[in-house]
Amino acid sequence: MTTRAVVIGVGHYLPERVVPNSEFEQTLDTTDEWIRSRSGIERRHFAAEGETTSMLGAHAATAALKSAGLAPDDIDAIVVATSTPDLTFPSVATMIQEKIGMTRGFGFDVQAVCAGFIYALTNANALVVSGQAKRVMVIGAETFSRIMDWTDRATCVLFGDGAGALILEAQAGSGTTQDRGVLSSDLNSDGRYRDMLYVDGGVSSTGTSGKLRMQGNPLFRQAVEKLASTATAALSKVDLDDSAVDWIVPHQANIRIIQGTAKKLGVPMERVIVTVQDHGNTSAASIPLAMSVGVAQGKIKKGDLLVAEAIGGGLAWGAVALRW
Ligand code: UT7
């Protein structure tokens, strides 16, 4: 008997305010046409003043609990992936615990920027398969609008705010890739690429929260290569190949990266979940948001084989193969 961490609930939340590309034309030397053609983004959501990452995460958590038919205290642990916490500490996970009324268990944050959800899911899976926790809520929640330099047209048009959540439960599996649940993961980072994507402030350096800085084009070229190879690595760890994949659920940074990666993997775009046009790049929230939307659209179904892949600041990148 093999213990598997099986997805039993999913949900998401997007802030009310929708910002179309045309809004940036009023303040920046940019066009809707440039943003659409270079990134695939048409609109994004921005959190309201006073609306924090833990608030977005708590809404997504509540939606996931509802989809699983569970109460907050049925959850043993919360793992939150975020790079935009409400405060330096305590963790966003403990703030969400309090907001949803969970009075037991434990919570902590994971920070791997846009790859954060892959790292959080891998950690949550380890908690489940090692017997530390029976049910784990994994949340990606971000308010990247708070770290934008609104004068930098090369970055501020690309990011958005939102949150998504999954609930994993320990279930008995046969040990084959026919089992539902997390089947494998592949994690990587390389600090030599630090300057490609970073925030120019922090607690122990400037004492400010800083603004996002990105070398978009060099990162683009790294992304397609590394995303295709990490997805292949995750699949090959369990002797699967790209032909077994029902859905690629990619990090939603740029439609051209998504298309380039799918092409390298030999998976047609009809089998890729795409939300970048509506959400922009929501960093660690983008994969659980895409999973939740993919389920709501009737695309992702029980038993489907998914591969989720992401890359971001660090650089940090990785992939998870799971059967829904
Ligand atoms: O989530 C973490 C991972 N993030 C990513 O993977 C993002 C990776 N990078 C990208 O998505 C793309 O590189 C971008 C969308 C950021 C940029 O697309 P690109 O095709 O790589 O364009 P570029 O950076 O080479 O810029 C082309 C031109 C430049 O002008 P010049 O130097 O050719 O005169 C830019 O200044 O486009 C200009 N430009 C803009 N023009 C209008 C940059 N931003 C804008 C803008 N509007 N908003």
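Student: Which helices each supply at least two residues of the shell around the ligand?

Tutor: They are helix 2 (32-39), helix 6 (216-236) and helix 7. Helices here are DSSP runs of H or I with at least four residues, numbered from the N terminus. This is a predicted model, in which local features need pLDDT of at least 70 and side-chain atom pairs count only at pLDDT 80 or more, while totals for chains, interfaces and linings use all residues. Residues are numbered from 1 along each chain as its sequence is written, and side-chain values use heavy atoms, with hydrogens and water left out.

Student: Which helix gives the most to that shell?

Tutor: Helix 6 does, with four residues.

Student: How many residues surround the ligand in total, and which are the closest?

Tutor: The ligand is surrounded by 22 residues, and T30, N217, N254, R256 and N281 are the closest. A residue counts as near if one of its heavy atoms lies within 4 Å of the molecule.

Student: What is the make-up of the shell by class?

Tutor: There are 12 nonpolar, six polar and four charged residues. Ala, Val, Leu, Ile, Met, Phe, Trp, Tyr, Cys and Pro count as nonpolar, Asp, Glu, Lys and Arg as charged, and the others, Gly among them, as polar.

Student: What percentage of the ligand's accessible area does the protein cover?

Tutor: The protein covers 73% of the 960 Å² of accessible area that the ligand has on its own. Such areas come from the Shrake-Rupley method with a 1.4 Å probe.

Student: Changing topic, is T261 buried or exposed?

Tutor: T261, in helix 7 (residues 255-265), counts as buried because its relative accessibility is 1%. Buried means under 20% relative accessible area, with a 1.4 Å probe and protein chains only.

Student: What does the side chain of T261 have at 2.7 Å?

Tutor: A polar atom of that T261 side chain lies 2.7 Å from the backbone oxygen of I257.

Student: And A61, which residues is it in contact with?

Tutor: Leaving aside neighbours within four places in sequence, A61 contacts I96, I100, M137, I139 and A165, where contact means heavy atoms within 4.5 Å. A61 is located in helix 3 (residues 53-68) and counts as buried, at 0% relative accessibility.

Definitions and conventions
Buried means under 20% relative accessible area, exposed over 50%, partly exposed in between (1.4 Å probe, protein chains only). A polar contact is a pair of N or O atoms within 3.5 Å; within protein, one must be able to donate a hydrogen and the other to accept it, and residues adjacent in sequence count only if both atoms are side-chain atoms.
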